[in-house]
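Morning, everyone. Have a look at the model first.

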Amino acid sequence: MRQEIHTKLSAARTRLILERPFIGALVMHLLLTPADARRCPTVATDARALYFNPDYIAGLTLAETQFLLAHEALHCALAHFARRSHRIRKRWDVACDHAVNLILIQDGMRPPKGALANMNFLGLTAEEIYPLIPWDTQESPLDGHFFEPSPLACGAQQIDSDVSRTQADTATSHDANDLGGGDAGHACHAHEPHDESRSPAARPDPDAAEALAQRWQNRLASAAQAAMRAGRLSATIARSLDHLIAPRVPWRALLARYFMSVARDDYSFQRSSRRDGDALLPRLASGVINVVVALDTSGSIGEEEMREFASEVDALKGQVRANLVLHACDHELAADGPWHFAPWDLVTLPKTLRGGGGTRFTPVFEWIERGQPHPDLLLYFTDAQGEFPAQPPPYPVIWLVKGRAGVPWGERIQLN
């Protein structure tokens with residue numbers, strides 16, 4: 001490999017690490033590997049290495065080289081290699097390229113000539129873009145997706161079968177050395193010739209693809225958390241990948257943590273009675289907390305899910321000794337509510353929860369402001385698609401959200 005190509009790739013990767021640490025961390029997990037121009041006219045990836053044509057890289061600017069490195073890393077981090085399912089290969093590849101390129105362009109990166117980026121698809125995932133790609137599309141991805149046997153090369157040319165075998169062997173060696181980390185200690189490695197007579201044809205392995213997708217999911221979450229702690233995760237990337245980097249801790253565990261945080265069990269040094277003795281010892285002081293629970297009955301959440309949620313809240317309520325007020329609300333509060341439960345009462349839902357209209361969250365907050373004591377915690381079970389109050393209230397609010405919608409304030413727990 002020519003020294004100037006090595007220098008350009010190293011410089012592009014270093015600048016990504018410095019300027020966009022989230023993407024730079026992902027790129028470090030891909031081995032930079034030169035490939036024959038007949039097999040890869042531009043760049044490609046198999047989710048284990050990043051293959052490139054040195055002559056193509058030589059004709060790019062440094063900014064365009066950065067874009068391509070980021071492009072391949074996002075294909076892997078978004079697990080496009082494991083999400084195709086029944087979809088037609090070419091249309092899926094085109095959809096994935098649109099999705100990745102639009103994220104990077106929105107983040108201010110400069111694409112090379114020929115990159116697919118239809119602005120009508122902005123904000124859509126590859127699965128959402130796929131049905132919008134015509135069956136007879138003439139578009140082709142700029143890069144090669146070497147995720148399956150006999151992949152299409154960059155520019156929609158067919159790759160001969162020995163390429164898949166070469167990459168399968170290369171990927172096997174990468175997995176042996178890099179199952180959990182990147183190639184920080186490696187530079188670019190040249191292809192070695194393979195003996196076709198003893199190289200078995202690559203076959204897709206669903207279990208291996210799932211394991212590889214999980215590793216990339218962990219890498220994605222780790223890189224995002226590190227960038228967020230450093231204040232270097234851009235708003236564009238955060239919005240695009242929010243549903244992927246949301247915590248995967250079961251919602252029950254997160255909900256229990258919040259309930260325990262408002263429990264009034266603590267040690268007290270308040271002066272005790274003289275009859276207790278001369279020594280002033282700490283004692284455990286407890287108190288009952290007040291919790292308001294609201295259910296979104298606009299039709300987006302099933303009744304079985306609500307009953308499962310109520311059962312979990314009932315178990316937590318007993319642990320922290322909470323008085324609970326239950327509301328049902330779509331665009332207005334349920335006429336037969338609210339329902340009150342003491343710490344020892346079993347939380348049960350009404351036999352029929354009326355609803356199905358539009359969604360407004362404001363009625364619950366207005367009810368509290370009409371003279372009700374402020375709760376220690378308000379828990380709202382919803383899809384988060386509706387009208388929010390303009391200002392957050394002066395008490396903690398937790399949104400248990402089904403779906404990908406965000407919330408303007410309060411703590412959000414993903415139902416997963």
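Buried, here, means under 20% relative accessible area, exposed means over 50%, and partly exposed is in between, with a 1.4 Å probe and protein chains only. This is a predicted model: local features need pLDDT of at least 70, side-chain atom pairs count only at pLDDT 80 or more, and totals for chains, interfaces and linings use all residues. Residues are numbered from 1 along each chain as its sequence is written, and side-chain values use heavy atoms, with hydrogens and water left out.

Start with strand 3, residues 49-52. Helices (H or I, at least four residues) and strands (E, at least two) are DSSP runs, numbered from the N terminus. In a regular strand, side chains alternate between the two faces of the sheet. Here, Ala49 and Tyr51 point one way, Leu50 and Phe52 the other, and all are buried.

Now the partners. Two strands pair if DSSP finds at least two bridges between them. Strand 1, residues 31-34, pairs with strand 3 in the parallel sense, over four bridges. Leu32 has Leu50 as its bridge partner. Strand 2, residues 43-45, pairs with strand 3 in the antiparallel sense, over three bridges. There, Ala44 stands opposite Tyr51. Three residues separate the strands of that hairpin, and Ala47 takes a positive phi near 75°.

Next, Asn53. Where is Asn53 found? In the loop between strand 3 and helix 3 (54-58). Asn53 counts as buried because its relative accessibility is 8%. Beyond its neighbours within four places in sequence, Asn53 is in contact (heavy atoms within 4.5 Å) with Ala35, Ala37, Cys40, Pro41 and Thr42. A polar atom of the Asn53 side chain lies 3.1 Å from the backbone nitrogen of Asp55.

Terms used
A polar contact is a pair of N or O atoms within 3.5 Å; within protein, one must be able to donate a hydrogen and the other to accept it, and residues adjacent in sequence count only if both atoms are side-chain atoms.
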